[in-house]
Structure formats: C-alpha cells, structure tokens
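Read it with the sequence and the model side by side.

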Amino acid sequence: MLFGDRAKYLMLLCGLTFAVMLIVQQGSIFWGLMTWCQSGIYNLNVPIWVTDPGIAQVDEVKPIADTAVDRVRSVPGVEWAVPLYRGIQRARLSSGDYHEITLTGLESSTLIGRPAEILEGHFEDLVQPDAVALDQWAVARMGGPSMVTIGTVFELNDKRARVVAIAKTTQNFTNIPVVYTTYERAIRYAPRERRTLSYVLAKAKDGVPIQEVTRRIREQTGLGAFTAEEFGWKTIVWVLKNTGIGINFGTTIFLGFVVGMAIAGQTFYLFTVENLRQFGALKAMGASTGTLARMILLQAFTVGLTGYGVGVGFATVFGFVLASTGELPFVETWQLLLLVFVALLVICSVSAFISIAKLARLEPAIVFR
C-alpha cells in the first residue's frame, strides 16, 4: 500500500528528507559557530585559565597584575603556570596596507600554548630577534602565500616583525587572524599600559583533581580560575545571550521540524482517507484496530528511516563540500544526529496517530458504499 502510491510516497519521503537535512545542516553550522567562538581557548590547548574573576568570555581581555603568575605558582597542586598576552593590534605590510590581528604572546622558555600543527618553518625560531608566527588565516588575510611567506617583514606598532613560522589553527568567531610571538616581545609590540598580563595558563599536578586546583586558585588568589571546558561553555553562554545566533538558528531548526510534521501528517492522512475501503475490507475480514495501527506505524517508520538516512547523507555531503576549506563552520556530532533521530520519531509517530485516529472510527461497512 505504501509503495503502490508512488506520488504520495515520494512526497512523504521528500518532506521528511528536507526536514532532516535542514535540521542537521543548521544544527551543524550552529555548533560549528560555537566551536569557533571557543577556538581562542582550544587552539592553545592548556587545561587551566586564570584571569580576572569578572571576565565574560575569552576574547574579553581584562589585564591583571604581573604578580599573578607567581601567586598561581604558589598554589598547592599547580604543576606550572606561565603568562599569556593577548590583544588586538594592527599590522602594517610593506605595501602600506593595515590589517587587524590578535597578538598572542607565549612564555619564551617553554612556548606553552603553541599551535599543535605547523605548516611551514619552525615555531622554536620565535626566540630569534623580531620573530613572529602567523596562522593560516593571517596569511590569507594579508594577501595569501604570494605576499606572506617565511621571512616576510612587516610592522607591529612601528616595530619590525619577521615571519619565521606558519601554523594551522581553528578559525575564531570574530574572524581576526592570530600572530604569535614571545610574551616579552608582545609587551614591546603592544601600546604601554599599567597592566599587560592577559591570562595565566596553568596545569594541575598529576593525581590532583583539576576542579580542586581551580578552587584553590580562586580562594587563595582572588582571581577567576576555569578549566578549558568551563571557559569554553562560559564563552558559548555569553555569545548566546549577547547575539541573535541562538534565536536565528533555533527558529530555522524549529521551522524544519514544523514543515516535516505538516507534510508528513497531511500526506499520511490523505493516504489513509484514500485507502479507507482497503482498511475497511481488512476490518471486515477480522483485522483489529491494533493490527491496522501497527500497519500504519510500520509504514510511517519505514519512510521515516529512509528519509532520515537520505537527509543526513545530503547534509553530510554539503558539509564536506562547502566546509572542507574551513571557511564555513560545520561540526556534525553524534549528539545532533541522535537528537534529529528522536525528532523524526516524534514526527512519524504524530503523523501516524492522526491516521490511526481516523481508522479507530472506521466501520467495516464502508466497503459496501
């Protein structure tokens, strides 16, 4: 009965496929954006962030006293603590063009917080005079590989900077590229301020719970101490509260759910109405309402699971094709796929129950009309 009416079957399949594809696509782009807004944390790959207790998100730098590094190092359970500078500066190229960059200063003796993957050059060369490292987004923003390579010289706050390495990082939410150098050199590049320390990066000793260490840091120093995961979620909450991203994507995902529900419900109802004589004949032969309900549910979940597979496939191909360059945020997680699967089950169940309610009132005598 389901496959016999090809037109309605294809209409139902297309509606569910579109709903699944829309929800997965928009959900993946949304979580991709949330990943971008945390990139300033996870690109540095350190477990504990210490900063001003009133900070709202990672890009909102509130400088703290330079003595904070030693104070954090003195906390029991801390294995190491290093300073980090982060600030927005302008880079001036030899062509005279200016580009906004995020200047990141790492502790010179350890370079803790360095990117995990280096595309060109050697990151250890940052100890050389005037040395800086760029991420791939800075290279693209400053004119591409033809304009910026290893050895390229530009200016930061009227001071010379020479590229010694190019690193691969996750793009950030503000789309401002990153320039790495040592902490001491970053202070020289930056405009003079009373306080220059942006963050203290730390790690707990082996065997000491990280939550216990962050609690001790907060109690003994009066500073804010967060694990990387806590700081990431703090940043996500700030973005959702202060931008329209959550509402916009939530509305689109909700509309995809409603469209799928409307198309499936209407099509299944019409399918049932047009086959009332067949269902009546089955009832006349002794089929119970429960048996007919199971038939409808089987039909609904058959087309639903097919639409789920096709929709997820289309959304995944979209992500691989358009997000392969890293310029489009697209992160498809198993939690999202599970949530979409549950939503599809709800759509199919509600659609089926609309038809089942009609069959429950069906009289077998309809076959004689």
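## Nonpolar cores

In this predicted model, the largest nonpolar core has 38 residues. The members that touch the most others are L134, F154, L156, V200 and I217. Strand 2, residues 78–92, supplies the largest share of this core, with four residues. Another core lies apart from it and has 27 residues, including L292, I347, I356 and L359.

Neighbours up to four places away in sequence aside, L134 touches V139, M142, V148, F154, V163, A165, I166, A167, V178 and V179. One of these, F154, is itself among the members of the core with the most contacts to other members.

The side chain of R86 does reach a backbone atom: the oxygen of G40, at 2.9 Å. Beyond four places in sequence, R86 touches G40, L44, W49, V58, D59, V61, T102, L103, T104 and S198.

## Overall form of the chain

The chain has eleven helices and ten strands. Its radius of gyration is 29 Å, whereas the globule rule gives 21 Å for 369 residues, so the chain is more spread out than a compact globule. The C-alpha trace spans about 95 × 50 × 30 Å along its principal axes.

Of the 369 residues, 47% count as buried. Among contacts in the chain with a separation of 6 or more, 79% are between residues 24 or more positions apart.

## Helix 8 and M261

M261 is placed in helix 8, which covers residues 245–274. Where does M261 make contacts beyond four places in sequence? M261 touches V346, I347, V350 and S351. I347 is also a member of the core of 27 residues. By contrast, V237 is 24 residues from M261 in sequence, and their C-alpha atoms are 30 Å apart in space.

## Salt bridges

Side chains of opposite charge can pair when their charged atoms come close. The structure holds eight salt bridges. One of them joins E124 and R114, with the closest N and O atoms 2.9 Å apart. E124 is in the loop between strand 4 (117–121) and strand 5 (131–135), and R114 is in the loop between strand 3 (98–106) and strand 4, so the pair ties together parts ten residues apart in sequence. Both count as partly exposed: E124 has a relative accessibility of 43% and R114 one of 29%.

D130 and R160 form another salt bridge, with closest N and O atoms 3.3 Å apart. Here D130 is in the loop between strand 4 and strand 5 and R160 is in strand 7 (residues 159–168), so the pair links parts that are 30 residues apart in sequence. D130 is partly exposed at 27% relative accessible area, and R160 is partly exposed at 43%.

How are R215 and E219 placed relative to each other in helix 6? These two are four residues apart in that helix (residues 210–221), a separation of about one helical turn. R215 is partly exposed, at 32% relative accessible area, while E219 is exposed, at 57%. The pair belongs to a network of salt bridges that links E212, R215, R216 and E219.

## V153 in strand 6

V153 is in strand 6, residues 153–156. At 34% relative accessibility, V153 counts as partly exposed. Beyond four places in sequence, V153 is in contact with R160, A161 and R162. R160 is the residue that pairs with D130 in a salt bridge. V153 and R92 are 61 residues apart along the chain, and their C-alpha atoms are separated by 9.5 Å.

Conventions:
Residues numbered from 1 in each chain as written. Predicted model: local features only at pLDDT ≥ 70, side-chain atom pairs only at ≥ 80, totals over all residues. Heavy atoms only, no water. Core = buried A, V, L, I, M, F, W, Y, C linked by side-chain atoms within 4.5 Å. Buried < 20%, exposed > 50% of the residue type's maximum accessible area, 1.4 Å probe, protein only. Contact = heavy atoms within 4.5 Å. Polar contact = N/O pair within 3.5 Å; in protein donor to acceptor, adjacent residues only side chain to side chain. Rg over C-alpha atoms; globule rule 2.2 N^0.38 Å. Salt bridge = Lys/Arg side-chain N within 4 Å of Asp/Glu carboxyl O.
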